[in-house]
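Colleague: I would like to learn how to read the features of a model like this one. Please give the general idea each time, then the case at hand.

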Amino acid sequence: DKAQRGIARWDIAERGEEVAVSPVLEARIRDEYLGCLFGLVSFIIDLDIVAIDDLNRAVNIARDMKAPFTLMNDMGIVQAHALVAKFCAAHPDFRMPQSLERARATGGWKLSDVKRSRVGDVAVLKIRRPRVLNALNGGVVDSLKAYLREAEADSAVTSVVITGHGVKAFVSGADIDALAACGTAEQAYQFSRNFQQLTEQIEAMRKPVVCALNGLAFGGGVELALGCAARVARAGLSTLAALPEPTLGIIPGGGGTQRLPRLIGVEAAARLIRTGAAVSSDAALKLGLVDELADDPLEAAIALARQLAAGSKKAKALPKGKIDCPAQLPEVDIGYFSRCIDALLCQAIVEGAQGTLAQGLELEARLVGRCMETEDAKIGIDNFKRAGARSKAVFVHR
């Protein structure tokens, strides 16, 4: 025993124990801790041994805390700099990191959850948000838009591959908190259009963009993949793709109601979207949702991207005009899902098929706004945030 051997023991809090301190002491501890933390991570950047995004993510995961550079940006870089300056004054041997000085001068740290790399003439964009299974947020969408513009302008780049970090997920969906924060139909419409503009940008590129589905793709992950010229998925996955938006009391808002019917046919697409059913890798290939299966989807996607750029292979063209669609979709069992949301979903599919893809995307975004005005959207999103994806919401169908 340490006490018997004369070794001092720290008096530390037990798990779940709350330690009461005065507000003055709490503020002092907070400032000292943050000043030290911000100073140390900035000093590591000064050493030029790791990229900012990598260190930010490593601390976030290893210490199970908010990423430090993100925290500095969120609190304000001027305030973060002041905390480090205060720490430096109290500890004269610790100098103000030059990287933090530069960050203050430029308005904050330049961060991205998308990693850029090059494999020869192919630009690879990897979405890296492992703690949330690479879920999309506004920052990821903005980074993808910027990096795609750079790739389009770079004469050394012939094609682009978009993939996700790790082997579990390509993209698990979109940012539910951001959607939940939409207080009006117009805000929800703009939320939808912002993501749609990314997929429209991908479609408009002169250089082919191929999606490497390294793991499961849900919701916005499927919609991002649908915007690409071709899709390569990991072989052998029992669950590869799904559009589970109806479980939240909403409809897909990133082009899913418009591109999926144009890719695999109206009836098959409507059945998948209305039921939220997941498909395996093999089923996705059979449906035509993906073009290839591979043990290493990134390697295969890079090879396919080069073939598309060289013209030795042609991507399956997605119809941009009107497509064949029944006036009324076949009946499907939607289970506990909201009937009023299902009606909006059917409207998006049927009316969208009667016009151009561009008109369908506009309709889809407007109907996302309509969803957010329903009671069922509020019920579904609140249930997801409170109880998780496996919990069934109790919809009232209005």
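Colleague: Is Leu-25 buried, partly exposed or exposed, and what are the cut-offs?

Modeller: Buried means under 20% relative accessible area, exposed over 50%, and partly exposed in between, using a 1.4 Å probe and protein chains only. Leu-25 has a relative accessible area of 35%, so the residue is partly exposed. Leu-25 sits in helix H1, residues 23-46. Helices (H or I, at least four residues) and strands (E, at least two) are DSSP runs, numbered from the N terminus. This is a predicted model, in which local features need pLDDT of at least 70, side-chain atom pairs count only at pLDDT 80 or more, and totals for chains, interfaces and linings use all residues. Residues are numbered from 1 along each chain as its sequence is written, and side-chain values use heavy atoms, with hydrogens and water left out.

Colleague: How should I read a phi value?

Modeller: Most residues other than glycine have a negative phi. Asp-48 has a positive value, near 60°, and is found in the loop between H1 and helix H2 (52-62). Asp-48 is exposed, at 67% relative accessible area. Leu-133 also has a positive phi, near 50°, and lies in the loop between strand E2 (122-127) and helix H6 (138-153). With a relative accessible area of 30%, Leu-133 is partly exposed.

Colleague: How many salt bridges are there?

Modeller: Side chains of opposite charge can pair when their charged atoms come close. A salt bridge is counted when a side-chain nitrogen of Lys or Arg is within 4 Å of a carboxyl oxygen of Asp or Glu. By this rule the count comes to 23. One of them pairs Arg-129 with Asp-113 at 3.7 Å, N to O. Arg-129 lies in the loop between E2 and H6, and Asp-113 in the loop between helix H5 (98-106) and strand E1 (114-119), so the pair ties together parts 16 residues apart in sequence.

Colleague: Where do Asp-291 and Arg-231 lie?

Modeller: Their side chains meet in a salt bridge (3.8 Å, N to O). Asp-291 is in the loop between helix H12 (281-287) and strand E9 (292-294), and Arg-231 is in strand E7 (residues 230-234), so this pair ties together parts that are 60 residues apart in sequence. Asp-291 is partly exposed at 31% relative accessibility, whereas Arg-231 is buried at 3%.

Colleague: What does Thr-356 touch?

Modeller: Contact means heavy atoms within 4.5 Å. Not counting residues up to four places away in sequence, Thr-356 touches Arg-262, Lys-320 and Gly-321. Thr-356 lies in the loop between helix H14 (339-353) and helix H15 (357-371), and counts as partly exposed at 33% relative accessibility.

Colleague: And the protein as a whole?

Modeller: The secondary structure comes to 16 helices and nine strands. Of the 398 residues, 48% count as buried.
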